[in-house]
Amino acid sequence: MIVVCPIENQIKNQWTQPMVKDPFLAAAIEQARKSLSEGGIPIGSVLVHEGAIIGRGHNCRVQTGSAIDHGEMNCLRNAGRLPARVYQHCTMYSTLSPCPMCSGAILLYKIPHVVVGENKTYCGAEEYMRSHGIQVDVIQDHECIDLMTGFIATNPELWNEDIGN
């Protein structure tokens, strides 16, 4: 099953596909590919503070057997324990629209900006984040879309398990 954002959510804060890929999105895609190479779900994330990546992660639900080891949660864990003021000046990059659980963590730590690689294959809690003042930019990156489309087509049961269906 593919869950799609309403068209108005796909257009809101959407960037045009850049000629040169954002290096932070590229790092998140690298994490997604790492998960896929480990037999996991290809979702990657990086946490950026003052122009530097301070945390990297990828969906490890399959690898660790943990129901909560989503890409953004894994990234936050790998960033380590940080002062609140650090999170409040970060941007979270994710290859896929964050689910309600991951969006809740983003909100909890007051991360003010989220860059989403794509929301065509799954629309997470973007409106929830926006309603709490978080800037959410959706890129619709072709590589992110292709990664998830291919994965969902070949692993529909695992994908549905990941999103709670």
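This is a predicted model: local features need pLDDT of at least 70, side-chain atom pairs count only at pLDDT 80 or more; totals for chains, interfaces and linings use all residues.
Figure 1. With a relative accessible area of 25%, G104 is partly exposed. The C-alpha atom of G104 is separated by 8.1 Å from that of M129, although the two residues are 25 residues apart along the chain.

**Figure 2. Packing of helix α4 against helix α6.** On the side of α4 the contact is made by E72, M73 and L76, while α6 contributes M101, C102 and A105. Sorted by class, the residues of this contact between α4 and α6 divide into five nonpolar and one charged, with no polar residue.

Figure 3. In the loop between α6 and β4 lies K110, a residue that has a positive phi of about 55° although it is not a glycine. K110 is exposed, its relative accessible area being 51%. A positive phi, here of about 50°, is also found at E50, which is likewise not a glycine. E50 belongs to the loop between β1 (44-49) and β2 (52-58), and at 70% relative accessibility E50 counts as exposed.

**Figure 4. Packing of helix α2 against helix α8.** Helix α8 spans residues 142-154 and packs with α2 at an angle of about 20°, the axes of the two helices lying 11 Å apart. The two helices α2 and α8 are therefore roughly parallel to each other, a description that applies because angles under 35 degrees count as roughly parallel. The crossing of α2 and α8 is left-handed. From α2, the residues L25, I29, A32, R33 and L36 meet E143, C144, L147 and F151 of α8. By class, this contact of α2 with α8 has seven nonpolar and two charged residues, and no polar ones.

**Figure 5. The aromatic pair of F24 and Y93.** The structure holds three aromatic pairs, and one of them is formed by F24 and Y93, whose rings are tilted, with 5.5 Å centre to centre and 50° between the planes. This pair links distant parts of the chain, since F24 sits in helix α2 (residues 23-37) and Y93 in strand β3 (residues 90-94), 69 residues apart. Both F24 and Y93 are buried.

**Figure 6. The aromatic pair of Y122 and W159.** Y122 and W159 form an aromatic pair that is edge-to-face, with 5.9 Å centre to centre and 85° between the planes. Here, too, distant parts of the chain are linked: Y122 lies in the loop between β4 (113-116) and α7 (126-131), W159 lies in helix α9 (residues 156-162), and the two are 37 residues apart. Y122 is buried, with a relative accessible area of 10%, and W159 is buried as well, with a relative accessible area of 1%.

**Figure 7. The whole chain as the setting for the close-up views.** The chain has nine helices and five strands, and, read along the sequence, these follow the pattern α-α-β-β-α-α-α-β-α-β-α-β-α-α. Of the 165 residues in the chain, 51% are buried. Among the contacts in the chain between residues at least 6 apart in sequence, 58% join residues that are at least 24 apart.

Technical notes. Residues are numbered from 1 along each chain as its sequence is written. Side-chain values use heavy atoms; hydrogens and water are left out. Rings of Phe, Tyr and Trp (its six-membered ring) pair if their centres lie within 6.5 Å; planes under 30 degrees apart count as stacked, over 60 as edge-to-face and the rest as tilted. Helices (H or I, at least four residues) and strands (E, at least two) are DSSP runs, numbered from the N terminus. Buried means under 20% relative accessible area, exposed over 50%, partly exposed in between (1.4 Å probe, protein chains only). Axes are lines fitted to C-alpha atoms, for helices over the stretch in contact, and angles run from 0 to 180 degrees between N-to-C directions. Angles under 35 degrees count as roughly parallel, over 145 as roughly antiparallel, 65 to 115 as roughly perpendicular and the rest as oblique. A crossing is left-handed if the near helix is turned anticlockwise from the far one by less than a right angle, and right-handed if clockwise. Contact means heavy atoms within 4.5 Å. Ala, Val, Leu, Ile, Met, Phe, Trp, Tyr, Cys and Pro count as nonpolar, Asp, Glu, Lys and Arg as charged, and the others, Gly among them, as polar.
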